[in-house]
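Colleague: Could you show me the model and take me through it in questions and answers?

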Amino acid sequence: MSAHASPIHHSEAPKGWIRHYIFSFDHKIIGTQYILLGLSAVTIGLILSLIFRTHLVWPDAHIWGFANGIVSPEDYLRLITMHGTLMVFFVLTTVPQSGFGNYFLPIQIGAPDMAFPTLNMLSFWTTLLALLVLLSSAFVPGGSAIGGWTAYAPLSAVGQIAGPGQGLGETLWVVSIALFCGGSLMSAINFLGTTIDLRTKGLSLMRMPLTVWGWFITACLALLAFGVLLAACILLLLDRLAQTSFFIPGNLDVSGVVLHHSGGSPLLWQHLFWFFGHPEVYIAILPAMGIISHVLSTFSRKPVFGYKAMVYSLTAIGFLSFAVWGHHMFISGMNPYSALAFSIITLVIGVPSAIKTFNWLGTLWGGKIHFTTAMLFAIGFVSLFVTGGLSGIFLAQPALDLYLHATYYVIGHFHLIMGVAAIFAMFAATYYWFPKMFGRMMNEGLGKLHFWITFIGVYCIFMPMHYLGYAGDARRYSSIESVNYMIPLHPVHFFITISAFVTAGAQLIFYFNFFWSMGHGKPAERNPWHATTLEWAVSTPVPHDNFAGDYPVIYRGPYEYSVPGAADDYIPQHLAPEQVAKAG
Amino acid sequence: MPPHVTVTDELEILGAHGGAKPPAGSGGGGGDDSRSSGSSGAFPQRIYVTGITIAMGAIFMFFMALVSAFIVRKGLGGDWFPFTMPRILWLDTAILLASSGTLIHARRLFKRGDRQGFRHWWAVTTLLGLLFLIGQLVAWRQMVAAGFYLASNASNSFFYVLTAAHGLHLLGGIAALLFVGWGRLRKMTLATGTEIVSYYWHFLDGLWVFLFLLLLLGR
Ligand code: HEM
Ligand SMILES: [Cu+2]
């Protein structure tokens, strides 16, 4: 391996358990901490969803932990609020970026660590604090918030009077999200600084693995979006605690009580929230796109089809995502011309998205495909991305959206494309990188079983929701029996709940595989997938400073698979040209 | 290492941030040259410059969100009542502008190697910053005395929110001034320290002028 001196003085590995595993500055430990944080959040979020799905189809079922064992309408709202908040913020935003990104970005660019390790530690602890604040709201008087993950004003701003949970619970929700913004901003600064300045010799921008591109563009989005949400949260807190009127209109009548606020604007909250919110959905999916490109290329034994187009489309999606937030507000009474503009820009985002899909298929086309579990999840991602993206195109038509907004159709759309697709990318990443992270292989048989049940399961859960949406079934209703026209839809809901239980059950296979393989999996070689990028050039477990002072030089692009004339079907990025074995 | 393999994009990497420099520099030592980190030896100082630039981007967005909320909220009309701008803000603005001037001077002396003069003007800058903050508190007192409270009217709310948010960021700037002037820098060189603090300070200065004009003309 060619080497040049360290760009950073490498530090001694910390001594002592606490410094090493708890208050660690090491990006690998911090990445793992983020992943475990996400795993806890996703587990809680999943259980909450099972509870509210149960309640929907068996309203009289006794459920432990609720007053009289019955989920009240407010409890139902609480459940979906916590489910959404946990999943969107603490899972989808956290794990692909701060989790896997933290772990693998420095290694893939040949750096010893993130640019600002202390800041890195601080962002993790801030995020953990945010999670704890959110969870603690379940134990305060009135319980946790019932305002949904979007916390629409004015009901999120007026306090207790808007319902149990809108008092202290909602305040804690806002504080938690504000903290989360802080943690994400710090993390974004680190990702950007690291990618800009700490790339090893020879690693030009156009030689970066697409994972790195995904994390980089995501960090740009996070940097620009979370500041806006933070500002919005501060204004909301002031409305709640200091009687200001940013979001509360004058003479608002809540449950028969007229409030003494002057003319604030609930729509202002929606604008601020969605100006953050739309980039946020891409914050969840761009790292996933990077991971998927990476995995597809490795297991097709082919270069990524149209690498440059991938980079440019990623960048274009990033840019455009700041100009489409209005598509969440078509029914807000906005000017039809604005709606038209938002609609057109939204459709324009479909173009780079389609380019990416086309290139993923192009990568697969004619490849020597290895159907590992990671690969299956990657292909599953592409499938989900297409399905979910298509329903997005429908929602982007203002005329259609007037009808479909706030129905199960939207739930189906964003679960397929954001919820499940991003989770599939996390699964792909886990199966793919596990050997590097823990030095052992995960069990492929269990992995494939996990994949197939999950893949079929999520389609069974979310495809019927499109149908429910067409039929006019409103989201966030705690009872499907109280409205006449919904009663015939009951069997569909029943089917969805059963599918949800089966799919959730299949995740137990994953948990088992994950924890069991840590100690008992087949020992992994350094480069079990015969992949080209730097994380596979370092030994396993990865040394404290990643390269032990021996920094690689990069000679080529990241996806040199099946290069004609080479002996092996992959050429690592760091291999000097004269070291590459010739065929024959 | 195979000697001198030609890597075509090598220079592009080294130049990826700002002006390209040949990799020869042993980097980061004293003087003003905070970016010549090259690829060997000292901690690459340019990451601090990159870091603060990025952070300013985030702070900018934060304030722009507040400012657009201001504009939208005002545009709703109806209940927006202007307040009288505390007179002291004019003086305060002058003080902050002056602090940017003394900061530029301090850095110029630093580059010339005049440590004594640098310390002196650095201290003056810090004091002016503190003075500005005290002035902002006085401005708040004047607002309260005139009956303009946080929740009295949206215009007042925005006055407090914008000045408080800016003040907190400036407090951070003062902490940074103190730390770079009198603290113990570890991996960062003094040259880099002064460089990034001055970027941040001028940024907050410009931001204040903008906010001041916004409040003055838009209240
Ligand atoms: C071609 C691409 C896409 C289009 C045209 C599109 C369009 C839309 C539209 C118009 C809505 C608003 C529906 C409504 O509330 O009435 C929406 C909602 C949503 N979309 Fe997409 N979308 C696309 C891709 C994505 C992606 C990639 C993600 C995430 C990874 C995503 C996540 C969401 C979420 C989370 C919501 C709903 C939020 C909520 O109301 O709770 N979408 N989409
Ligand atoms: Cu959107």
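**Buried residues and metal sites**

Colleague: Is A:Asp75 buried or exposed?

Modeller: This is a predicted model, in which local features need pLDDT of at least 70 and side-chain atom pairs count only at pLDDT 80 or more, while totals for chains, interfaces and linings use all residues; side-chain values use heavy atoms, with hydrogens and water left out. Residues are numbered from 1 along each chain as its sequence is written, chains are lettered from A and ligands numbered from 1 in the order in which they are written. Buried means under 20% relative accessible area, exposed over 50%, and partly exposed in between (1.4 Å probe, protein chains only). The relative accessibility of A:Asp75 is 12%, so the residue counts as buried.

Colleague: Which residues does A:Asp75 touch, not counting those up to four places away in sequence?

Modeller: A:Asp75 sits in helix α3 (residues 73-92) of chain A; helices are DSSP runs of H or I with at least four residues, strands are runs of E with at least two, and both are numbered from the N terminus. Contact means heavy atoms within 4.5 Å. Leaving out residues up to four places away in sequence, A:Asp75 touches A:Phe66 and A:Ile70.

Colleague: Which protein residue is the single donor to the iron atom of ligand 1?

Modeller: Donors are N, O and S atoms within 2.8 Å of the metal (3.2 Å for Na, K and Ca), and sites may look incomplete because water is not among the atoms. The single protein donor is an NE2 atom 2.1 Å from the iron, and its residue lies in helix α13 (residues 408-438) of chain A. That residue is A:His413.

Colleague: What are the protein donors of the copper ion (ligand 2)?

Modeller: In sequence, the donor residues follow the spacing H-x48-H-H. A:His278 is in helix α8 (residues 266-300) of chain A, and A:His328, 50 residues apart from it, is in the loop between α9 (307-320) and α10 (336-364), so the pair links distant parts of the chain. The donors lie 1.8 to 2.1 Å from the copper ion and are A:His278 (ND1), A:His327 (NE2) and A:His328 (NE2).

Colleague: How many Å separate the iron atom of ligand 1 from the copper ion (ligand 2)?

Modeller: A:His413 is the iron's single protein donor, while A:His327 is among the donors of the copper ion. The separation of the two metals is 4.5 Å.

Colleague: What is the radius of gyration of chain A?

Modeller: The radius is taken over C-alpha atoms, and the globule rule is 2.2 Å times the number of residues to the power 0.38. For 584 residues, a compact globule would therefore come near 25 Å. Chain A agrees with this, at 24 Å.
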